Amino acid sequence: MTERTRRDLLRVAGGVGVVGLAGCASLGTDPSDAGPTDFEGADLPLDLDARAQSPDGLTTQFRQGLRNHGHIDATIPDSVEVEWAVPANRGDHTASKGSPMPAPSGGVLLADDTGRVQSIASDGTVRWSTSISDDDRGSHGTPAVADGAAYVGTYDGVVSAVSVADGEVLWQTEVGDAAAASPTYHEGKLYVAVEYATPSGTVVVMDAESGEVEWRDDRPTDHPHSTVAVDLERDRFLFGSNDGHVYAWSVSGPDRAWTFDTGGDVKAPIAVSRGIAVVPSWAGTVTAVDVADGAGLWQFETDESVSPSDDPDPVRTGGVMCAPAVHDGTVYVGSHDGNAYAIDLATGEAEWSTPTGGWITGSVTATDEHVLVGSYDAHLYALDREDGSVTWAVEGRGEVTSAPLVADDAIYYAERAPEGGDAAGMCYKLVPA
């Protein structure tokens, strides 16, 4: 399990002039009418993003910032052990579960699929636990924490604000049939992807203080699970949808800017770095899209990539449902083929791949020297960023689908409930061994 896959086994469809899936559709165009386009290649000036992406008042949110980049400026120990485990998820719904977020008073906040939000202290005691939904799927989202409140959506279509001090529910607003994605906070506003049962979907902008919906896009998508990414430098916010498209709007408008068709469901958050949106897709691909205009730049195919026309359920083979992390010009992402990949952001070429013993559907976290990735084989892996070698692997009892959190005192992560029986999935704290 520690031996890496040879690079020549990887199949990369990248670079200039590679014919790919359907690309950019102009504003107001039905995305179903979009035809195939050539990928343009990343000829953008890959400058570092200049504008701050952690707005005033924000404590933390899913994927470490507005761009969903998934990088934490920290180092991790060379070996770890479990200090404690607290029960969390109990349901069997297949979507990835919520991730622990830092609590302002230490420890973590965690929303789980029982419909509750917990504040867990550094010693593993539960400070408070608040039920925000009785839906049998609860929450699979991760709270955004700002100005003393934790904001989280649930599968009954409600977005809730909960006091981080004592768990008091501050407000609840129904926004649709399901609010499975994690809210994104910016300047007192929440950007939330919303699902309807038809199936269709939308995005709403909410006032974070009152919970009032201030704006919604009424053009239907198809069950958007993807957390909204915001790129202030290019005046865009965007998410992915089950219809295979990425949808982008202007922050200043908000107006529909462009759509892009990946050819497979886009269920995981899109990471944005240096003007490039990195899009995971159930087509078995990771695609780079120009954030400004929606042009396709390159496409990377996983080791078992299939077309939806070849397999009506591509997630069973090579689908990509993992939220990528991007740091220092490299994309880190996992796949249903069981591999964790490092991909060059500029070219789409593979740098390395490392196999695990199961699907990878959670969120990758990149640190300064390592990549943390969970697998359906019940392990959390720490991989060396340079070559993908396994530094350590910790075994739990359920499938790991959360984003690992690296805090000052520890590493925290959550898992799904084990299949069969009544055992709960756990939230773990790892400390140096």
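Predicted model: local features only at pLDDT ≥ 70, side-chain atom pairs only at ≥ 80, totals over all residues.
View 1. Strand 25 and strand 26 (residues 296-301) pair in the antiparallel sense over five bridges, where two strands pair if DSSP finds at least two bridges between them, and where strands are DSSP runs (E, at least two residues) numbered from the N terminus. The two strands form a hairpin with five residues between them, and G294 in the turn has a positive phi of about 80°. Residues are numbered from 1 along each chain as its sequence is written. Local features need pLDDT of at least 70 and side-chain atom pairs count only at pLDDT 80 or more, while totals for chains, interfaces and linings use all residues, and side-chain values use heavy atoms, with hydrogens and water left out.

**View 2. Strand 24 and strand 25 form a hairpin.** Strand 24 (residues 276-281) pairs with strand 25 in the antiparallel sense over six bridges, and I276 stands opposite D290 in strand 25. Three residues lie between the two strands of this hairpin, and G284 in the turn has a positive phi of about 80°.

**View 3. Strand 25 is covered on both faces.** Six of the six residues of strand 25 (residues 285-290) are buried, so this strand is largely enclosed by the rest of the structure; buried means under 20% relative accessible area, exposed over 50% and partly exposed in between, with a 1.4 Å probe and protein chains only. In a regular strand the side chains alternate between the two faces of the sheet. Here T285, T287 and V289 are buried on one side, and V286, A288 and D290 are buried on the other. T287 counts as buried because its relative accessibility is 0%. Leaving aside neighbours within four places in sequence, T287 is in contact (heavy atoms within 4.5 Å) with F39, F260, A277, V278, V279, W298 and Q299.

**View 4. V286 belongs to the residues with the most contacts inside the largest nonpolar core.** A nonpolar core is a set of buried Ala, Val, Leu, Ile, Met, Phe, Trp, Tyr and Cys residues joined through side-chain atoms within 4.5 Å. The largest one has 29 residues, and V278, V286 and I343 have the most contacts inside it. Strand 29 (residues 339-344) gives the most to this core, with four residues. Beyond its neighbours within four places in sequence, V286 is in contact with V278, V279, W298, Q299, F300, V320, V333 and I343. A second, separate core of 28 residues includes V86, L380, L405 and L430.

View 5. Strand 31 pairs with strand 32 (residues 370-374) in the antiparallel sense over two bridges, and T365 has L372 of strand 32 as its bridge partner.

**View 6. The chain as a whole is built with strands.** The secondary structure of the protein chain comes to zero helices and 37 strands, helices being DSSP runs of H or I with at least four residues. Of the 433 residues in the protein chain, 62% are buried.
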